[in-house]
Amino acid sequence: MEHKTQTLLSKIATNDGHGENSPYFDGWKAYDANPFDLQHNPSGVIQMGLAENALCFDLIQEWIEANPSASICTRDGAVDFKSTAIFQDYHGLREFRAGVANFMSRVRGNRVKFDPDRVVMSGGATGAHETVVFCLANPGEAFLVPTPYYPGFDRDLRWRTGAELLPVICESSNNFKITEEALETAYENAKVANIKVKGLLITNPSNPLGTFLDKETLKSLVNFVNEKNIHLVCDEIYAGTVTNGDRFVSIAEVLEESPNCNRDLVHIVYSLSKDMGFPGFRVGIVYSYNDKVVNIARKMSSFGLVSTQTQYMLGSMLSDDEFVDRFVSESRTRLAHRHDMFTRGLAQVGIGSLESNAGLFFWMDLRRFLQEPTFESEMTFWRTIIDEIKLNVSPGSSFHCSEPGWFRVCFANMDDETTVIALRRIKTFVLKNKKLEIKTKRQCWENNLHLRLSSRRIDEIFSPHRMSPHHSPLASPLVRAQN
Ligand SMILES: Cc1ncc(COP(=O)(O)O)c(C=O)c1O
């Protein structure tokens, strides 16, 4: 019966290209089945697998209240209802494109300008990626992607387009740097397999690493794609989340300094889902330096337009320079604070992470907790994290990490109280499971990583005379839940 139904449907409808079976989505299901709620379900699963930026909604709300005419759903804005409701041009509202171009510049410190006429809208970065692939590749052709990478790419770039992704293996021994050797190896492997490489896709800042690329690396990538005559697609959707003094370098800046680069090869994917925290508005952007791609992507955008109502409001909000600057700066401060709160808290119990200063997450190193250095052990330990610690963090294998034991921890989708509870749960677990520590700390340090490990011993940190009753692991919701 099942077989008969399947033959009635297309290959796309019946393959599992959506990737819903990956552990990345499994974790969400575990959360959905038992979601944490401070009042009503304090022992539920805390969602730390969602890269959402919920730290500055108060600023957005203030702006909306102060600008009632920006929304057609207010007394002041209702007069524009009709013209907004009937507008359906796939070029989008001029004000919207100008606002987005302005925002993209300001997030990048105004060091580079973006042309509103190159801004093509799409249904989130998800839709933008697919549109780019439809413009650049035929089914069976491939893009190289440095690992670890965002699991959604397997769906967004491959599922409906029929394109392939080939990994460029990056390793912890050099902080997951994208080296020329790794690129060449991936390119050669594709050749041997008789797969045509059409481009290189990078995510800068990286999801899941929370790091961003230096100018030298970006230049080497530009050289690589020029030499091979393939495309460079740069996902910069976390550009506004860089928190430390080092400044983020956009590919747009590198292009300004690379007169010999063939600009037709370069395309930026952007979205307001992360920097503004608006994943629900589905504002994705293809910004291509290639006129033909701009033209065809714009026509394709009919399949994923941003609602004119959303364009209308954002056109106004993103052109308000004072608001944008204050928002971006405050968002960075709050993200930095939350990032430090988490990584320092974990360091107190000897849990390290890759040094990072961007994104809505960090890359936690739990290698020493694995029974064996295998992906099976990673999955076993991940189940323990979900079932016992009741945290939905995402295992490295779902990001195609080449090395087991890394986990992505999202920290910007919750309030401070939940953060404290999540940290307390982890600390409690570590204390109870000291035996699990298979490797010694010394071995860990030998890994040549910038690990933020506390030099204090776990016993020292948790010795009873140091603990306030509030921080006692015995008061942890986890322990309460088990009693
Ligand atoms: C690197 C990266 N690209 C694209 C997306 C999809 O973003 P959007 O919500 O704008 O579709 C995500 C979402 O997490 C992401 O992390």
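## Sheet, helix packing and ligand shell

Strands β3 (residues 142-146) and β5 (residues 197-203) pair in the parallel sense, with three bridges between them. Along that pairing, Phe 143 sits opposite Gly 199 in β5. Keep in mind that this is a predicted model. Here's the rundown by topic.

**The sheet**
- Seven strands make up an open sheet with mixed pairing, and the order reads β2-β8-β7-β6-β5-β3-β4.
- The edges are β2 (119-123) and β4 (164-168); each has a single partner strand, so one side of each has no neighbour in the sheet.
- From one strand to the next, the twist averages 25°.
- Helix α12 (residues 291-300) lies across β2, β7 (266-271) and β8 (283-288), and it runs at about 155° to β8.

**Helices α14 and α16**
- The axes of α14 (residues 321-347) and α16 (residues 416-432) come within 10 Å and cross at roughly 15°.
- Angles under 35 degrees count as roughly parallel, so α14 and α16 are roughly parallel to each other.
- The crossing of α14 past α16 is right-handed.
- On the α14 side, the contact uses Arg 338, Met 341, Phe 342, Gly 345 and Leu 346, which meet Thr 419, Leu 423 and Ile 426 of α16.
- By type, the residues of this α14 and α16 contact split into five nonpolar, two polar and one charged.

**Around the ligand**
- The ligand is surrounded by 14 residues, and the closest are Gly 124, Ala 125, Thr 126, Ser 271 and Ser 273.
- Helix α7 (residues 124-136) supplies the largest share of that shell, three residues.
- The shell divides into eight polar, five nonpolar and one charged residue.

How values were computed: Residues numbered from 1 in each chain as written. Predicted model: local features only at pLDDT ≥ 70, side-chain atom pairs only at ≥ 80, totals over all residues. Near = placed C-beta within 6 Å. Helix = DSSP H or I, 4+ residues; strand = E, 2+ residues; numbered from the N terminus. Nonpolar A, V, L, I, M, F, W, Y, C, P; charged D, E, K, R; others polar. Axes fitted to C-alpha atoms, helices over the stretch in contact; angles between N-to-C directions. Parallel < 35°, antiparallel > 145°, perpendicular 65-115°, else oblique. Left-handed = near helix turned anticlockwise from the far one by under 90°. Contact = placed C-beta atoms within 7 Å. Pairing = 2+ DSSP bridges.
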